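Have the sequence and the structure open beside you.

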2 protein chains.
Amino acid sequence: MLDDINALVAVTPETFRQQRAIDARILHEVIAIDPARARVRVRNLQDEKEWWEPYDKLLIATGAIPIRPPLIGVDAEGVYLVHNLPDAITLRHALDQKRPKKGVIVGGGYIGVEMAEALLRRGLEVTIVERAPQLMLTLDPDMAELVAREMAEQGVNLYLGEGLAGFDLKNNSVLRVITDKRSIPADIVILAIGVRPNTSLAKEAGIPLGERGAIKVNERMRTETDRVWAAGDCAETFHLISRRPAYIPLATIANKQGRIAGIDIAGGSATFPGVVGTAVVKFSSLEIARSGLQEREIEGLGWEYVTAKVEGRTRAGYYPTSGKITVKLLAAKGSGRLLGGQIVGEEGAAKRIDIVATCLQAGFTVQEMVHLDLGYAPPFSPVWDPLLIAARQAARLL
Amino acid sequence: MLDDINALVAVTPETFRQQRAIDARILHEVIAIDPARARVRVRNLQDEKEWWEPYDKLLIATGAIPIRPPLIGVDAEGVYLVHNLPDAITLRHALDQKRPKKGVIVGGGYIGVEMAEALLRRGLEVTIVERAPQLMLTLDPDMAELVAREMAEQGVNLYLGEGLAGFDLKNNSVLRVITDKRSIPADIVILAIGVRPNTSLAKEAGIPLGERGAIKVNERMRTETDRVWAAGDCAETFHLISRRPAYIPLATIANKQGRIAGIDIAGGSATFPGVVGTAVVKFSSLEIARSGLQEREIEGLGWEYVTAKVEGRTRAGYYPTSGKITVKLLAAKGSGRLLGGQIVGEEGAAKRIDIVATCLQAGFTVQEMVHLDLGYAPPFSPVWDPLLIAARQAARLL
């Protein structure tokens with residue numbers, strides 16, 4: 001647990017002003033963009049004053065907003081979001097003060113999984129309600145099943161394939177979560193249903209969105225509107241494997257896009273080729289990672305593929321901290337080009353996804369992956385890393 | 001510590017015979033190869049009988065032999081090698097029975113470093129004597145210095161730039177290690193000076209060796225002699241970055257070569273493109289890794305290069321198990337092509353070398369590395385992995 005929540009603030013407004021010569025104005029909201037006259041409408045939230053502020057170049061970095069189902073009770077006492085730092089502070093305060101016993105998490109994605117761990121560690125009885133028939137939709141069902149199994153073992157109640165239908169309230173405080181199949185007692189409810197790009201400002205200003213609903217940008221993070229850039233969770237990105245636009249609201253991508261936009265706006269030269277969709281998350285002692293395309297995505301593209309799944313060990317079998325790891329690789333039928341990978345396992349498992357990500361970026365085939373000269377010593381991996389065994393297995397199926 | 005030493009035996013002779021239909025004859029030594037008549041001279045070490053055994057195809061997998069300096073006392077009581085399993089059993093027995101207080105390790109490479117940890121954990125006072133002016137010659141001096149500093153902090157006496165000159169003995173038991181600068185009291189001495197390819201059989205049979213002194217092989221692990229293959233620590237390998245033959249006696253390479261040789265001998269088709277020279281080792285809580293070429297090697301090739309060195313954190317700075325990590329990248333001046341990388345740091349640091357190894361194999365530039373879509377979550381890395389920061393820094397120096 002973190003004692004000083006300020007450690008989570010990457011850069012303060014003071015640092016922006018004093019060290020970077022950036023006039024960072026907090027508590028000022030932009031309420032409209034006027035690209036034709038190159039100006040934004042600003043409202044000072046402290047004194048409610050409004051005015052037009054001109055710009056030479058504009059970066060839209062409005063991020064994502066959490067999805068809140070349009071249900072009565074979504075704003076009730078005891079129902080929380082964990083989207084930003086104030087949300088987290090509010091939730092932590094509630095956990096500390098009210099000592100809830102039963103926590104219900106709506107949504108079984110990254111945030112839901114992380115919150116399940118956090119609530120378990122505080123001794124709550126934890127329930128996850130997920131509309132899809134599996135946890136973690138960015139994993140294939142068989143890999144998500146490994147996560148579900150670990151969660152069940154740790155006592156998490158999983159209701160998969162059940163949609164949130166409403167809340168039972170008393171004096172505007174949540175009592176129960178209602179799904180389309182049951183009603184679940186809840187002292188607190190965490191909504192972790194996902195996010196969508198915060199594009200309303202852009203949309204109203206006529207700045208084009210892409211096919212994924214996020215602001216359309218090119219490889220310099222320029223929108224299709226003159227003098228306007230966009231970066232981060234409000235913007236689209238390009239998927240290097242599907243070769244199509246994608247919307248992946250993750251910190252790594254947002255940071256990379258911001259850097260490229262900054263360089264381009266400042267007159268430098270940089271481009272962002274795109275992403276391969278890497279993500280990692282931890283649930284208790286289980287590590288979960290994915291990169292590239294998953295089966296559903298490959299099928300959506302109409303591509304033929306082979307699958308290799310290997311159960312191995314994170315370290316030399318005889319090494320004391322050696323743990324279980326399951327590696328799944330997906331490769332194009334015929335050519336053997338790596339299309340994606342997923343990893344679920346114990347300590348040390350997940351970051352092997354970086355090898356998969358690098359191979360995806362390199363356009364490697366699984367035949368090429370077999371020869372990877374990965375580091376070996378008993379405390380770090382078996383002589384044949386499970387990843388290499390999976391690549392060998394995939395290569396035999398082409 | 002390992003209770004059952006048999007866990008270290010990957011495949012027993014019984015498994016070879018019963019499950020793989022391989023007539024594995026232990027305690028039979030090949031004492032000569034006769035390629036002209038396609039036969040080997042075999043001696044049964046149990047009954048001393050000798051005979052010629054014919055072959056259709058021959059694989060030489062004689063491994064490496066430890067270097068033993070030609071000094072009086074090298075065979076004395078209390079002087080140990082740690083080359084194979086019987087060596088380890090003998091050493092462990094001596095540690096258990098004699099309870100030595102002072103251990104001197106001759107050689108500061110991978111084995112020396114690992115043995116230092118093992119002896120420290122048993123409570124010995126540990127001294128390392130290394131002829132070179134630095135530990136771990138496969139690292140650049142500045143990175144090796146980080147290892148030396150950690151060793152010194154943990155109380156290891158380091159005598160660098162000092163050659164082994166001899167031993168003080170009493171009744172054929174070692175009392176002191178003599179270097180060219182001092183004499184060091186020793187209850188036990190471990191010789192970890194390095195290995196050389198075990199090529200005497202091949203050499204006597206006229207099977208050509210390569211420029212590194214190991215058996216010369218092509219990418220199918222064929223020697224230049226008809227019907228004879230070689231693989232593992234007795235054979236050469238090809239370095240993908242220097243584009244020259246290399247001798248790197250490591251388990252990963254030996255295993256890969258053995259697999260290729262087996263496929264080729266059995267009539268299948270496979271080739272081994274080569275290696276990038278990846279290695280990892282652990283000393284106590286410090287993780288050490290390298291891949292590609294180091295400064296000395298690049299200078300030896302006459303190439304111009306840039307260096308980026310970054311001190312960062314293994315995980316998000318605020319995460320409880322976040323630790324120190326130093327990443328060094330070497331890239332070709334001008335083109336930016338990655339030439340090598342070295343990592344020293346706390347838990348979680350070393351296996352990032354696999355990303356470096358994969359980039360080397362892909363022929364990536366540091367400019368391309370900046371865009372790597374590595375997995376991020378606070379328990380696993382900072383948003384900007386130190387590796388990406390090092391790549392950014394290197395890209396600015398081109």
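Q: What rotation and shift superpose chain B on chain A?
A: In this predicted model, a rotation of 180° does it, with 0.0 Å of shift along the axis and an RMSD of 0.0 Å. The two copies are therefore related as by a two-fold rotation axis.

Q: How do you know through which surface the copies meet?
A: Compare the interface residues: 100% of those in chain B are also interface residues in chain A, so the copies meet through the same surface.

Q: How many residues are in contact across the interface?
A: Contact asks for heavy atoms within 4.5 Å. In chain B, 50 residues are in contact with 51 residues of chain A.

Q: What area is buried between the chains, and which residues of chain B lose the most?
A: About 4,500 Å² is buried between chain B and chain A, and carbon and sulfur atoms give 65% of that area. On the chain B side, B:His371, B:Asp373 and B:Phe380 lose the most area to chain A, together 17% of what that side buries.

Q: How many salt bridges does the rule find across this interface?
A: The rule finds 0 between chain B and chain A.

Q: Why is A:Leu45 called partly exposed?
A: Its relative accessibility is 38%. Buried means under 20% and exposed over 50%, with partly exposed in between, so A:Leu45 counts as partly exposed. A:Leu45 is found in the loop between strand E2 (39-44) and strand E3 (50-54) of chain A.

Q: What makes up the nonpolar surface patch of about 260 Å²?
A: A:Leu45 makes it together with A:Ile26 and A:Leu27.

Conventions: Residues are numbered from 1 along each chain as its sequence is written. Chains are lettered from A and ligands numbered from 1 in the order in which they are written. This is a predicted model: local features need pLDDT of at least 70, side-chain atom pairs count only at pLDDT 80 or more; totals for chains, interfaces and linings use all residues. Side-chain values use heavy atoms; hydrogens and water are left out. Patches are made of residues with over 30% relative accessible area and no salt bridge: like charges are joined within 9 Å, nonpolar side chains (Val, Leu, Ile, Met, Phe, Trp, Tyr) within 5 Å. Accessible areas come from the Shrake-Rupley method with a 1.4 Å probe; for residues, only the protein chains shown count as cover. A salt bridge is a side-chain nitrogen of Lys or Arg within 4 Å of a carboxyl oxygen of Asp or Glu. Helices (H or I, at least four residues) and strands (E, at least two) are DSSP runs, numbered from the N terminus. Buried means under 20% relative accessible area, exposed over 50%, partly exposed in between (1.4 Å probe, protein chains only). Copies are superposed by least squares on the C-alpha atoms of residues with pLDDT of at least 70 in both. Buried area is the accessible area (1.4 Å probe) that two parts lose on being put together, summed over both.
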